[in-house]
Amino acid sequence: MKELIVFEDVVKEYGTKESKQIAVNHVNFTIEEGEFVVVLGQSGAGKSTVLNMLGGMDQPTSGSIRINGAEISRLNDNQMSNYRAENIGFIFQFYNLLPSLTAYENVALTREIVKDVIDPLELLEAVGLKEHRNKFPSQLSGGEQQRVSIARALSKNPKIILGDEPTGALDAETGVAVLELLQKMCKERKKTVIIVTHNAAFAQCADKVIRMRSGKIREITLNESPVPVSEVNW
Ligand SMILES: Nc1ncnc2c1ncn2[C@@H]1O[C@H](COP(=O)(O)OP(=O)(O)OP(=O)(O)O)[C@@H](O)[C@H]1O
Ligand SMILES: [Mg+2]
């Protein structure tokens, strides 16, 4: 497989010189195209910081982040915006849907940002919500809202899908269904999917597991034969 993402000696510091907080401390890893990656680690380990830098929502203090060979860590605001629009689909823990728009409209909204979008209906069907397309977020369950937000993230047809605890606000069963969908998108649509989770049980489903602690990489493991989410005995 082709190397898609390279983090090289990446550092992210917050605060002032006097009270410096090192959120990400000389981190190195690579992710290949089409990989399903799970990032694990305790609260404060630096997981979200890594994901936000990867998604072009934050920039490192030092080090190099390359996507498809292109350095993204030194882009200006405009270039960052283009990078996000063209490459990244982001799934949030609390869905971030617009309450006054229907499921369909929330997914179709991406048209405002990118030209070549996937048909919102096709995506709502893929996440099992075609019948619910005219409902507002308040009329949908948590799992359904998260599936709308996955459809929205996919609608730009991004190379990379990032999820920061995408199952964090869901009950166990619904969380598994959402994860199953993400694994399916990864395998069937050849997306590179990277999710942060607190649920270590998800590790067996990933191609690659990145374990973080105190801003550093503790361990990176490769699964020779990852388990399909649907076959895990939760
Ligand atoms: N904007 C910020 N300003 C200052 N410190 C920050 C900021 N963002 C993160 N940090 C600090 O950096 C460290 C790593 O934070 P991060 O959010 O990446 O952790 P996390 O692994 O995602 O934790 P959690 O599992 O709780 O979400 C924490 O100590 C946090 O307080
Ligand atoms: Mg976090």
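Visitor: Which residues is F36 in contact with, leaving aside its neighbours within four places in sequence?
Guide: This is a predicted model in which local features need pLDDT of at least 70, side-chain atom pairs count only at pLDDT 80 or more, and totals for chains, interfaces and linings use all residues; side-chain values use heavy atoms, with hydrogens and water left out. Residues are numbered from 1 along each chain as its sequence is written, while chains are lettered from A and ligands numbered from 1 in the order in which they are written. With contact defined as heavy atoms within 4.5 Å, and neighbours within four places in sequence left aside, the partners of F36 are L179, L182, Q183, C186, K187, V193, I195, C205, A206, D207 and K208.

Visitor: Which residues of the largest nonpolar core touch the most other members?
Guide: A nonpolar core is a set of buried Ala, Val, Leu, Ile, Met, Phe, Trp, Tyr and Cys residues joined through side-chain atoms within 4.5 Å. Buried means under 20% relative accessible area, exposed over 50% and partly exposed in between, with a 1.4 Å probe and protein chains only. The largest core has 37 residues, and those touching the most other members are F36, V127, V148, I150, L182, V193 and I195.

Visitor: Which element gives the largest share of this core?
Guide: Helices (H or I, at least four residues) and strands (E, at least two) are DSSP runs numbered from the N terminus. Those giving two or more residues to this core are β3 (36-41), α3 (103-108), α4 (120-126), α5 (142-155), α6 (172-188) and β8 (192-196). The largest share, 7 residues, comes from α6.

Visitor: In what order do the 4 strands of the open sheet stand?
Guide: Two strands pair if DSSP finds at least two bridges between them. β1 (residues 3-15) and β2 (residues 20-32) pair in the antiparallel sense over 9 bridges, and 5 bridges join β1 to the antiparallel β4 (residues 62-67). β2 and β5 (70-71) stand at the edges, each with a single partner strand, so one side of each lacks a neighbour in the sheet. The order is β2-β1-β4-β5.

Visitor: What angle does the direction of α1 make with that of β1?
Guide: Helix α1 (residues 47-54) has 6 of its 8 residues buried, namely K47, T49, V50, L51, M53 and L54. Axes are lines fitted to C-alpha atoms, for helices over the stretch in contact, and angles run from 0 to 180 degrees between N-to-C directions. α1 packs on the sheet, touching β1, β2 and β4, and the angle with β1 is about 120°.

Visitor: With which side chain does the side chain of D58 make a polar contact of 2.9 Å?
Guide: D58 lies in the loop between α1 and β4. A polar contact is a pair of N or O atoms within 3.5 Å; within protein, one must be able to donate a hydrogen and the other to accept it, and residues adjacent in sequence count only if both atoms are side-chain atoms. The D58 side chain makes one such contact, of 3.2 Å, with that of K12. Its partner at 2.9 Å is Y14.

Visitor: How far does a polar side-chain atom of K47 lie from an oxygen atom of ligand 1?
Guide: 13 residues surround ligand 1, the closest being S43, G44, K47, S48 and T49, where near means a heavy atom within 4 Å. A polar backbone atom of G44 is 2.8 Å from an oxygen atom of the ligand, and a side-chain N or O atom of H198 is 3.2 Å from one. For the side chain of K47, the distance is 2.7 Å.
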